[in-house]
Amino acid sequence: MGAWTDMAFILVVVLDLFLLASSRLGAAIRAVALQGALLSLLALLLTGSGHSVGHMLVVAGGAFFIKAVLIPWLMFRAIREMAIRREMEPLVGYVPSMILGGVGVVLSFAFSRGLPLPTNEMHPFLVPTALATVWTGLLLVVSRRKAVTQVLGFLVLENGVFVFGLLLTDFMPVMVEAGVLLDLLAAVFVMGIVMFQINREFASLDTDALSSLKD
Amino acid sequence: MTGALALAAVVLATSSGLLGLALRDRPDLGQRLSAGALCLAAVLGIAAAVPVLAGSPASVIQLSWNQPHASLAFRLDALSALFLLPILCVPALGAVFGIGYWPQEEHGSHAVNLQLWYGVVTGSMALVVLADNALLFLFAWEVMALCGFFLVRAEPDRRDAQKASWVYLAAAHVGTFAIFAFFASVGSARGSFDFSAWGGLGSGGAAASWLALLALLGFGLKAGLVPLHFWLPGAHAAAPSHVSAVMSGVLLKTGIYGLFRTAGFFEAPPASWGAVLMVLGGVSGVLGVALALAQHDLKRLLAYHSVENIGIITMGLGIAMLGRSRGEPGLVLLGFAGSALHVVNHALFKSLLFLGAGSVQHATGTRDVERLGGLSRAMPWTAGLFLVGAAAISGLPPLNGFVSEWFVALGAVSALELAPLDRASFAVLVAPVLALVGALAAACFVKVQGSVFLGNPRTKDAARAEESPGVMLVPMAALAGACVIVGLAPALLIAPLARGAAAWSGMDPARLAGAAGAASGTATWVSGVAFVLVGTVAGLWLLRRRLGAGTAAETWSCGYAYPTARMAYTGSSFAQILNQGFRWVLLPRVRFTPPKGPFPTGARFSTEPREAVLDLALLPAVRDYISATSRVRGLIAGRLHLQALLVLATLVALLAWRLLWW
């Protein structure tokens, strides 16, 4: 059991690095879907005694459905409908991104000891994984040009927050978690709509084109 | 029981405006019913507050609330009851006044909105003084602040109301922020957000002083202490008069209530806190009245007088704090009694004056003192009632303003009875400051009364004035009557005030009782002198009637054949000498075109007082800040990656700070 949990955490971090290095959009979406699936698995694996199993099942099931099935499907649909070029178009190259990501992983492992946490840590990899994933998500948002890839970055960021939330499942009422998941879905919807509009207006999804809108 | 009554009053007042919303087709009926509901709430409030002031124990109601750290805890003790009385009564009288002054038929949806917010602000103010839980208090406080914003914007098309409302909103939020920080630090240190668990806060050390400063900033902003008064004149002048009466007469007092409550939490506050309050109060008192003297706008002038009176109240509070730090029951009692009674008194006479100003504006359409004149012939009742308010605010016997200022002055003088060479004896300096403030206030109201009501009308508007309807005069008469009653019978008020002082300071009531006995002795003297004064005036009046009035003749006009109103002293020229002395604080904008040549034409001279803190310090600072930040914003605006990068950098910086430096 412990080995599986370790493995799941490590895979989440490896997927972070993969996302930073990946040049293909489709692969990146699949990687995010896989990461979402891993997270729902983690939620189940971390269910110890003292947790209500029903609660965890709801969280894991909801996360799996939204993160691993619904959102990837929406994004593939968006790519198809809007005929987006299946390349990431980075502002920061793949190798520098990966180096930055690696530095982030190292630092988050180094720093996670010092963080004051409300609970006894459930798993030694939990906090570093969360930090590394949030870092990766933000890096993706900052360094990728296309609107779709920014949605991807946002999803990864949200995955990191979800990992952190696993630490707090004892404290978080189901309503809050449901709210977070719903929030995510709504955000993706809104971004989808905005992307569609940008596409129609500028005939491209390059966010640099948005600069011409500034006041 | 009394607590339940008070809560019923809160609910009734809060929902009073809904009647107007439901009865949109019958606006006059809706407004009358709303005013009736507010009056009923006031009656309930009196029924709740009077028994508590008369000695029945504090009433506590505890309900659970589905919010973290919050509970629906209400507490009606003597201090709350003292504030509850004006908070419920003044808005009720204002609402009755509003029937004539601001009829819903004429103002349409604006008036319906106004009535709605008017009710909610009344209810939330009452809730503020009843709340016994920090979060409930903050909730009521924020509702109150937001209602104030909408009340100032009652006529949203007017530019001055717009500007004033935004300044007000910004000030209110800075204040709430400070209070929030204060409550959060105390609450997390105490592990509970119920006020009942907050007694006996330590007051030594720098941390306690910072906490007290936060509270002073938050509540001082609401109360309008100099230099935090900058939002006040604009907001109070822009609102309709019965709203100004509520804002100036009552809303400010919630800040004072906050200061009282907070001061009560601390165990044995150091003497320096009392000194800070006395200095701030003295500065507010003198500068408030100096600024008032220079105003041409009647309502702005009254608003600056609120700053002055808040100063007097704060000086009293400072004396009471000094008494607590030295363990002197006399100082505590006199300071508290003067301060708390002045809260009630100021609510009475300031709302009376604002209603009077509203009556003048209703009749003439202007609030400019220089464009009025001679109104006492057309509006004798308004003039007479305004005169009562003016005498009361100037602290003249036999009216209520004198009584409370007398208590504060007595407290200041009894600071001399402290141990010899005690540095706290300097509190005696409050007495001359009070005298100065009172004299300047009297000068200011001579200017107002003289240039608005006496002489000849200066403009056509003033000449056309007619007396206001009875529905506007009755509330003013009620307020004036209350002023006279408090002024004639201060000894009756000593016992309730002593109860308030005991509830506030946690001092042994028996020790306070001795001081209260001494104070009631002087109060009886005050009553006696007041009765003699009233008797003398009445006797002289009767004598004059019996002898028959002399023949009416034209005023001597220095030998001019055809005197006109243009030759009469204006309010500005009357106040000129005093304004000259306060030039350093007024910083007036002077426009002067001197006469030229042997046959001069078109010479002009005008002064316009400026609000120094707002116009010369805050607004330029905000403008500079906006231009500086907009330059930075121009760099990143519209660039999504850079904005996300900013978020990232902030996050990393925060993490690094948390991990490396802490």
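This is a predicted model: local features need pLDDT of at least 70, side-chain atom pairs count only at pLDDT 80 or more; totals for chains, interfaces and linings use all residues.
Me: What counts as a helix or a strand here?
Reply: Both are DSSP runs. A strand is a run of E with at least two residues.

Me: What share of the residues of chain A count as buried?
Reply: Burial needs 20 or more other C-beta atoms within 10 Å. Chain A has 215 residues. The buried share is 40%.

Me: Are α1(A) and α2(A) roughly parallel or antiparallel?
Reply: α1(A) covers residues 2-21 and α2(A) covers residues 25-45. Their axes lie 10 Å apart, at an angle of about 160 degrees. Angles over 145 count as roughly antiparallel. That angle therefore makes α1(A), relative to α2(A), roughly antiparallel.

Me: Which hand does the crossing of α1(A) and α2(A) have, left or right?
Reply: The residues that meet include A:W4, A:L11 and A:F18 in α1(A), and A:A28, A:L38 and A:L45 in α2(A). By class, this contact has 14 nonpolar, 2 polar and no charged residues. The crossing is left-handed.

Me: Which residue of β2(B) is the bridge partner of B:Q62?
Reply: β1(B), residues 59-64, and β2(B), residues 71-76, run antiparallel and are joined by 6 bridges. In β2(B), B:V60 has B:R75 as its bridge partner. For B:Q62 the partner is B:A73.

Me: Which turn residue of the β1(B)-β2(B) hairpin has a positive phi?
Reply: The hairpin has 6 residues between its strands. One in the turn has a phi of about 70 degrees. That residue is B:H69.

Me: How many charged residues does the contact of α4(B) with α6(B) have?
Reply: α4(B), residues 78-101, packs on α6(B), residues 109-130, at about 175 degrees, with axes 9 Å apart. This makes α4(B) roughly antiparallel to α6(B). Contact residues include B:F83, B:I87 and B:P91 of α4(B), and B:Y118 and B:M125 of α6(B). The classes are 11 nonpolar, 2 polar and, for charged residues, none.

Me: How many charged residues are in the contact of α4(B) with α11(B)?
Reply: The axes of α4(B) and α11(B), residues 241-265, come within 8 Å and cross at roughly 170 degrees. That makes α4(B) roughly antiparallel to α11(B). Among the contact residues are B:F83, B:I87 and B:P91 of α4(B), and B:H242, B:K253 and B:F260 of α11(B). With 13 nonpolar and 5 polar residues, the charged count is 1.

Me: What is the C-alpha to C-alpha distance from B:R158 to B:A238?
Reply: In sequence, B:R158 and B:A238 are 80 residues apart. In space, the C-alpha to C-alpha distance is 8.6 Å.

Technical notes. Residues are numbered from 1 along each chain as its sequence is written. Chains are lettered from A and ligands numbered from 1 in the order in which they are written. Axes are lines fitted to C-alpha atoms, for helices over the stretch in contact, and angles run from 0 to 180 degrees between N-to-C directions. Helices (H or I, at least four residues) and strands (E, at least two) are DSSP runs, numbered from the N terminus. Angles under 35 degrees count as roughly parallel, over 145 as roughly antiparallel, 65 to 115 as roughly perpendicular and the rest as oblique. A crossing is left-handed if the near helix is turned anticlockwise from the far one by less than a right angle, and right-handed if clockwise. Two residues are in contact if their C-beta atoms, placed from the backbone, lie within 7 Å. Ala, Val, Leu, Ile, Met, Phe, Trp, Tyr, Cys and Pro count as nonpolar, Asp, Glu, Lys and Arg as charged, and the others, Gly among them, as polar. A residue is buried if 20 or more other C-beta atoms lie within 10 Å of its own, exposed if 12 or fewer, and partly exposed in between; C-beta atoms are placed from the backbone. Two strands pair if DSSP finds at least two bridges between them.
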